[in-house]
Amino acid sequence: MGIQITPSILNADFSRLGEEVGRIGSADWVHVDVMDNHFVPNLTFGPTMVEALARSTDLPLDAHLMIENPDSHAPAYVEAGCASVTFHVEAARAPVRLAREIRAAGGRASMGLRPATPIEPYADLLPELDMVLLMTVEPGFGGQTFLDLVLPKIRRTRALLERHGVETWLQVDGGVSLETIERCAEAGADVFVAGSAVYSAEDPDEMVGRLRAAAEA
Ligand code: DX5
Ligand code: ZN
């Protein structure tokens with residue numbers, strides 16, 4: 001599939017999200033951060049807002065659920081129009097069942113890991129997943145500093161994916177910018193979330209192109 005750029009709308013203007021997604025036409029996905037004030041100390045939106053957003057753009061939605069009890073709530077985001085749904089392994093009670101339910105509902109199933117969560121205990125789950133999301137900041141807020149300490153885990157995850165011979169994508173999320181994206185790509189990531197880097201740029205779509213070029217370099 002190659003390099004994919006998925007701008008996060010967390011730092012966009014929430015009062016006009018439809019227009020804001022219109023400013024990133026060359027992106028591959030729109031990354032939608034769902035937060036519940038429990039799994040993370042911040043609150044964003046739920047399936048009704050996501051459904052409205054899905055209707056306002058032709059880009060596929062990449063939902064990132066930073067919520068407790070994703071087992072109960074994740075399939076609703078496929079129904080709301082998300083082509084990919086990430087649940088956090090730290091919150092999921094039955095990640096295999098959940099991944100299968102997301103796929104059965106017609107979505108791409110993705111599992112997220114906080115910076116301190118190791119990938120190795122979940123190696124056997126990789127064939128069940130369409131994507132692994134490695135957080136490169138503690139989840140909850142945009143605009144945080146990229147954590148270099150996650151780079152070895154990106155490398156180890158890429159090696160595990162190769163060992164299993166699966167097509168699972170490897171996404172990084174948090175502090176991804178022109179400064180840090182090359183390090184992530186070199187370590188083996190292929191899907192890049194960027195929030196503040198894109199939406200603080202004067203021309204967000206131009207920044208999408210610059211990030212893509214830097215990751216492909
Ligand atoms: C943080 C979210 C990220 C956030 C990234 O918890 O999961 O998707 O929007 O924002 P930046 O790119 O500014 O770190
Ligand atoms: Zn995110």
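**Entry 1**

I began with what covers the buried residues of helix 3, and the cover includes helix 2, strand 3, strand 4 and helix 4 (95–104). I took helices (H or I, at least four residues) and strands (E, at least two) as DSSP runs, numbered from the N terminus. I call a residue buried if 20 or more other C-beta atoms lie within 10 Å of its own, exposed if 12 or fewer, and partly exposed in between, with C-beta atoms placed from the backbone. Two residues are in contact if their C-beta atoms, placed from the backbone, lie within 7 Å.

The model is predicted: local features need pLDDT of at least 70, side-chain atom pairs count only at pLDDT 80 or more, and totals for chains, interfaces and linings use all residues. Residues are numbered from 1 along each chain as its sequence is written, while chains are lettered from A and ligands numbered from 1 in the order in which they are written.

In helix 3 I found Pro 70, Ala 74, Tyr 77 and Val 78 buried. Seen down the axis of helix 3, these buried residues fall within an arc of 100 degrees, so they line one face of the helix. The arc is that of the directions from the helix axis to the C-beta atoms. Just after helix 3, I noted that Gly 81 takes a positive phi of about 110 degrees.

**Entry 2: helix 2**

I then turned to helix 2 (residues 47–55), where the buried residues are Val 50, Leu 53 and Ala 54. They cover an arc of only 100 degrees around the axis, which puts them on the same side of helix 2. The face turned away from that buried side carries the exposed residues Thr 48 and Arg 55. Among the elements covering the buried residues of helix 2 I listed helix 1 (17–21), strand 2 and helix 3 (70–79).

**Entry 3: the whole chain**

I counted 8 helices and 8 strands in the protein chain. Of its 217 residues, 45% count as buried. A compact globule with 217 residues would have a radius of gyration near 17 Å, and the protein chain has 16 Å, which agrees. That radius is taken over C-alpha atoms, and the globule rule is 2.2 Å times the number of residues to the power 0.38. The C-alpha trace spans about 40 × 40 × 30 Å along its principal axes.

**Entry 4: the annotated active site**

Which residues does the UniProt annotation "active site" cover? The unreviewed entry gives Asp 33 and Asp 173. They span 141 residues in sequence, yet no two of their C-alpha atoms are more than 10.6 Å apart, so they gather at one spot. UniProt positions are given in the numbering used here, feature names are shortened, and annotations may be inferred rather than shown by experiment.

I placed Asp 33 in strand 2, and it is buried, with 25 other C-beta atoms within 10 Å. Not counting residues up to four places away in sequence, Asp 33 touches Ser 8, Leu 10, Thr 44, His 64 and Met 66. Asp 173 is in strand 7 (residues 169–173) and counts as buried, with 26 C-beta neighbours inside 10 Å. Leaving aside neighbours within four places in sequence, the contacts of Asp 173 include His 64, Leu 133 and Val 193.

**Entry 5: ligand 1**

I looked up the shell around ligand 1, where a residue is near if its C-beta atom, placed from the backbone, lies within 6 Å of it. Of the 22 residues around ligand 1, Ser 8, Leu 10, Gly 142, Gly 195 and Ser 196 come nearest. Strand 2 (30–35), strand 8 (191–194) and helix 7 (196–199) each supply at least two residues of this shell. By class, the shell has 8 nonpolar, 12 polar and 2 charged residues. Here Ala, Val, Leu, Ile, Met, Phe, Trp, Tyr, Cys and Pro count as nonpolar, Asp, Glu, Lys and Arg as charged, and the others, Gly among them, as polar.

**Entry 6: two annotated binding residues**

The unreviewed UniProt entry places the feature "binding site" at several residues, including Gly 140 and Ser 196. Gly 140 lies in the loop between strand 6 (131–135) and helix 5 (151–164) and is partly exposed, with 17 other C-beta atoms within 10 Å. Ser 196 is in helix 7 and counts as partly exposed, with 17 C-beta neighbours inside 10 Å. Leaving aside neighbours within four places in sequence, I found Ser 196 in contact with Asn 11, Gly 142 and Gly 143.
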